[in-house]
Amino acid sequence: MPRTPPASVAALPSLDRLLRLPALAAMIERHGRSRITSLLRSHLQALRERINAGHLSAEQLQQAVDGPALVAVVDAAIAADARLNLQPMFNLTGTVLHTNLGRALLPEAAVHAVTCAMTTPVDLELDIARGRRGDRDARVQSLVCELTGAEAATVVNNNAAAVLLLLNSLANRREVVVSRGELVEIGGAFRIPDVMRSAGARLLEVGTTNRTHPADFANAIGTRTALLMEVHASNYAITGFTAKVDTTAMATIAHERGLPLVVDLGSGSLCGLAEFGLPHEPTVQETLAAGADLVSFSGDKLLGGPQAGIIAGRADLIARINRNPLKRALRMDKMGLAALEAVLALYREPELLARRLPTLRTLSRTQGDIDAQAQRLLQPMRAALAIDYVIEQAPMHSQIGSGAQPQAQLASAGLRITSAHRGGLDRLAKRLRQLPKPVLGRITDDALWLDLRCLESADETAFLAQWSALQA
Ligand SMILES: *Cc1c(COP(=O)(O)O)cnc(C)c1O
């Protein structure tokens, strides 16, 4: 309860009077009159409610409407609004391609290309040599063909759009044969049976969850069959008593009956992962060489580029896809195209990829390198934590994420924090999420794990400075 006499609503200054205060002149200059007017109006309304509730003394009201107090209120409100925009984060989850954190980080070359496309007119749909209208996908198409050996390629907003578009273009009102072991659900409501329905295609499931044989496909083909489809089991693995028809065998069956084989590769790597110490993931090149007529894959997963869905393969099928009016609705914007072109161009010099492409740079970090970083960070991090937390250096396992090699574990390292108190870890995790640049780790097995694989050394100082101010 206020100690001094309560404030009265009549004592509230008018909005006009506040706007004329000299202290607010600079704010109005910087943000414009309408923004400041609307923030002050909310402030006055909040004060009015506190007065009506009897929660504000006359003295407190005086203080709340003087110049410096108003500047502070307006500043805080503007900062709070800015926090609703996308926030930079530290990804210490150990998942490199984290869908909730925006997947692949783009290389410098792509950032530069995007800035250019945003701020300058570009030859997006212009054939400069002939002085005629050009094709906006032509540059990406020729890069994809050069890198994968495909005859033709097309590109849309993401891989979900690519699958929808190719099914609608090639299998509308007809049947698509898929193994029961591959009826994938990707997080965020991408489910093969639902996409099939939206595309107007009829799903014909064959085989069983764990075993599908060549005869299952061969026997399912009929007069209404449009194509055979293979879907990468992105986020799960079927193990034990299993059988799968490989791409080569599926292509043979499809081609014997004059049908195309379409493969949704999901992650779609363009280079062998073995050199990064990871289990082999089928590449786009290999899948085409095995006989797939069309392959679709994402731009922002293992490729390490912007959100995109790329379809590569037979020229006649790509031409049918490009004629579909849906292609126009699902097309990529010029910023995405600029970034994708820049990233694909880096693949022309594969030996340099691990240095230039953030996704591959992060995936190829060795455990020794990450462990040395953990060693550097341990003491300063320990110093900032209250004594009821125990922090220690620990080996960890990172994941690629976004449906590439769901079972692959990348030997990594980081800091493991335990707490003597119930709820201590959740409290700390929350404090970390409230930092100016929020830190996201992973709580499992009664510990908070901060995997350092994704902490680039250039960001270490900023990370530590913030951590030292933690007070937890
Ligand atoms: C990730 C994935 C998709 C969806 O790709 P987006 O680019 O996220 O739209 C589709 N199919 C498979 C097999 C995937 O792994």
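I settled contact before anything else: heavy atoms within 4.5 Å. I also needed a rule for helices (H or I, at least four residues) and strands (E, at least two), which are DSSP runs numbered from the N terminus.

**Ground rules.** The model is predicted, so I note that local features need pLDDT of at least 70, side-chain atom pairs count only at pLDDT 80 or more, and totals for chains, interfaces and linings use all residues. Residues are numbered from 1 along each chain as its sequence is written, and side-chain values use heavy atoms, with hydrogens and water left out.

**Overview.** I found 20 helices and 17 strands in the chain. Its C-alpha atoms fill a box of roughly 90 × 55 × 45 Å along the principal axes. Of the 472 residues, 48% count as buried (under 20% relative accessible area; exposed is over 50%, partly exposed in between; 1.4 Å probe, protein chains only). I then looked up the domains, whose bounds come from an automatic or database domain assignment. They are domain 1 (9-82), domain 2 (90-98 + 363-471) and domain 3 (108-356). The C-alpha centres of domain 1 and domain 2 lie 41 Å apart.

**Two helices.** Which residues of H8 meet H13? I listed Leu 165, Leu 166, Ser 169 and Leu 170 in H8, against Leu 317, Arg 320 and Ile 321 in H13. The axes of H8 (residues 159-171) and H13 (residues 315-323) come within 9 Å and cross at roughly 100°. That makes H8 roughly perpendicular to H13. For the axes I use lines fitted to C-alpha atoms, for helices over the stretch in contact, with angles from 0 to 180 degrees between N-to-C directions. Under 35 degrees is roughly parallel, over 145 roughly antiparallel, 65 to 115 roughly perpendicular, and the rest oblique.

**The sheet.** I traced seven strands in an open, mixed sheet, in the order S4-S12-S11-S10-S9-S5-S8. Strands S4 (152-156) and S8 (202-206) are the edges, each pairing on one side only. Two strands pair if DSSP finds at least two bridges between them. S5 (residues 175-179) runs parallel to S8, with five bridges. Ser 179 has Val 206 in S8 as its bridge partner. S10 (residues 261-266) and S11 are also parallel, joined by four bridges. There, Val 262 stands opposite Leu 294 in S11.

Is S11 enclosed or open? Five of the five residues of S11 (residues 294-298) are buried, so the strand is largely enclosed by the rest of the structure. Leu 294, Ser 296 and Ser 298 point one way, Val 295 and Phe 297 the other.

**Helix H7.** I marked Val 140, Leu 143, Val 144, Cys 145, Leu 147 and Thr 148 as buried in H7. Their cover includes S4, H12 (284-289), S12 and H15. Gly 149 follows H7, with a positive phi near 80°.

**The cores.** A nonpolar core is a set of buried Ala, Val, Leu, Ile, Met, Phe, Trp, Tyr and Cys residues joined through side-chain atoms within 4.5 Å. The largest has 65 residues, of which Leu 228, Leu 340, Leu 344, Tyr 347 and Ile 400 touch the most other members. H15 (residues 334-346) gives the most to this core, with eight residues. Domain 2 and domain 3 each supply at least three. A second, separate core of 32 residues includes Val 163, Leu 165, Val 184 and Ile 318.
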